[in-house]
Amino acid sequence: MVQRRSMLLILQVLLLLSLSCQTVPLTGRKQISFVPASELLPMSFNQYQDFLSKHKVIETGEQAEMVRRVGRRIEGAVERYLSGQGLSSRLEGYQWEFHLVEDKEANAWCMPGGKVVVYSGILPATKDENGLAVVLGHEIAHAVANHGGERMSQQLLVELGGLTLDAALSQKPNKTNSLLLASFGLGAQVGILLPYSRLHESEADHLGLIFMAMAGYDPHGAVAFWERMIQSEHGKAPPELLSDHPADARRIEDIKNLLPEAMGYYRPQ
């Protein structure tokens with residue numbers, strides 16, 4: 001009986017793997033993702049609203065306006081890029097929002113579905129609108145590349161034996177909610193970043209440069225921004241945005257190598 005159950009589980013997992021391959025825009029990498037957006041996005045939106053209810057949102061002022069302005073320009077660039085690739089369906093169900101919250105941490109994130117939060121503590125490192133575009137391009141790229149859905153699918157396979165999201169929520173709700181937050185890149189204490197893989201980070205850097213360039217921001221600013229972030233961690237705990245990210249000389253070199261491609265998309269505004 002145990003052997004039969006094991007075989008059925010293996011067959012279920014193989015079926016999921018065979019039916020759930022997607023391709024990451026730009027990089028062309030194949031990824032496993034069997035959690036549909038129709039299930040993932042509503043849960044993302046709920047977590048986002050819960051976060052906003054527990055933090056001070058800065059609604060007015062020059063900085064809040066800048067976050068919304070840069071966010072809208074990146075949003076437009078993403079929509080144009082995916083439309084040009086015939087991939088507009090990847091944004092189905094997105095409800096873009098851009099909020100600045102009062103928090104000293106150097107942090108920012110984007111949940112699946114286009115829910116973006118920037119912490120006030122990162123603004124000294126971004127310095128200006130172009131630097132903020134680096135951050136937003138990168139974080140939005142994680143969502144557009146469906147890194148959250150991919151991580152959730154991987155966790156369902158590893159932790160819950162390939163259960164669908166609906167079944168996992170029904171049978172193991174607490175465990176599944178924890179996995180869900182982790183898939184968004186957030187810890188149980190929402191707002192604490194968990195590590196993306198180096199592969200995901202590299203893809204977000206790559207896509208983010210394209211998005212910011214299409215939005216009219218100079219991608220060369222990415223090098224200066226990450227150098228400032230790396231310098232800011234010397235002698236103290238690293239900023240939240242770098243705490244689990246591959247922020248090193250290799251990353252800077254990789255970004256420099258991507259600049260010629262990104263500049264091909266650059267149209268100053």
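**Entry 1: strand 6 and its sheet**

I began with strand 6, which is mostly covered: 5 of its 5 residues are buried. For burial I used under 20% relative accessible area, with exposed over 50% and partly exposed in between (1.4 Å probe, protein chains only). Helices (H or I, at least four residues) and strands (E, at least two) are DSSP runs, numbered from the N terminus.

A note on ground rules: this is a predicted model, where local features need pLDDT of at least 70, side-chain atom pairs count only at pLDDT 80 or more, and totals for chains, interfaces and linings use all residues. Residues are numbered from 1 along each chain as its sequence is written, and side-chain values use heavy atoms, leaving out hydrogens and water.

Which way do the side chains of strand 6 point? I found Lys115, Val117 and Tyr119 on one side and Val116 and Val118 on the other, all of them buried.

Next I traced the neighbours, taking two strands as paired if DSSP finds at least two bridges between them. The sheet is open, with 4 strands in the order 3-4-6-5 and mixed pairing. Strand 3 (57–58) and strand 5 are at the edges with a single partner strand each, so one side of each has no neighbour in the sheet. Strand 4 and strand 6 run parallel and are joined by 5 bridges; Phe98 stands opposite Val116 there. Strand 5 and strand 6 (residues 115–119) run antiparallel, with 4 bridges. On that side I noted Ala108 with Val118 as its bridge partner, and Trp109 opposite Val117. The hairpin of strand 5 and strand 6 has 3 residues between the strands, and Gly113 takes a positive phi near 100 degrees in it.

**Entry 2: aromatic rings**

I paired rings of Phe, Tyr and Trp (its six-membered ring) if their centres lie within 6.5 Å; planes under 30 degrees apart count as stacked, over 60 as edge-to-face and the rest as tilted. The count comes to 8 aromatic pairs. One of them is Tyr48 with Trp109, edge-to-face at 6.4 Å centre to centre and 90 degrees between the planes. Tyr48 belongs to helix 2 (residues 37–53) and Trp109 to strand 5 (residues 108–111), so this pair ties together parts 61 residues apart in sequence. Both Tyr48 and Trp109 are buried. Tyr48, Phe51, Trp109 and Tyr119 make up one aromatic cluster.

I also checked charges over rings (NZ of Lys or CZ of Arg within 6 Å of the ring centre and within 35 degrees of the ring normal). The charged end of Lys115 sits over the ring of Phe45, 4.7 Å from its centre. Arg73 does likewise over Tyr217, at 4.0 Å.

How far apart are the end C-alpha atoms of helix 10? They are 17 Å apart, which agrees with the 16 Å that its 12 residues (221–232) should span at 1.5 Å a residue; the expected span is 1.5 Å times one less than the number of residues. Its buried residues are Gly221, Ala222, Val223, Phe225, Trp226, Met229 and Ile230.

Ala215 lies in the loop between helix 9 (198–214) and helix 10. At 1% relative accessibility, Ala215 counts as buried. Ala215 and Ala77 are 138 residues apart in sequence but 5.2 Å apart in space, C-alpha to C-alpha. Leaving out residues up to four places away in sequence, Ala215 touches Arg73, Ile74, Ala77, Arg80 and Gln269, where a contact means heavy atoms within 4.5 Å.

**Entry 3: two positive phi values**

Lys127 is not a glycine, yet has a positive phi of about 70 degrees. Lys127 is found in the loop between helix 4 (123–126) and helix 5 (129–144) and is exposed, at 62% relative accessible area. Asn146 also has a positive phi, near 60 degrees. Asn146 is in the loop between helix 5 and helix 6 (147–160), and is buried at 16%.

**Entry 4: confidence**

The protein's mean is 80, and 71% of its residues reach 70 or more. Among the elements, strand 4 (residues 97–101) has the highest mean (98) and helix 1 (residues 2–19) the lowest (42). Over residues 4–19 the pLDDT is below 50, and this stretch has 10 contacts in the model beyond near neighbours in sequence. Where pLDDT is low, predicted coordinates should not be read in detail.

Conventions:
pLDDT = per-residue confidence, 0-100.
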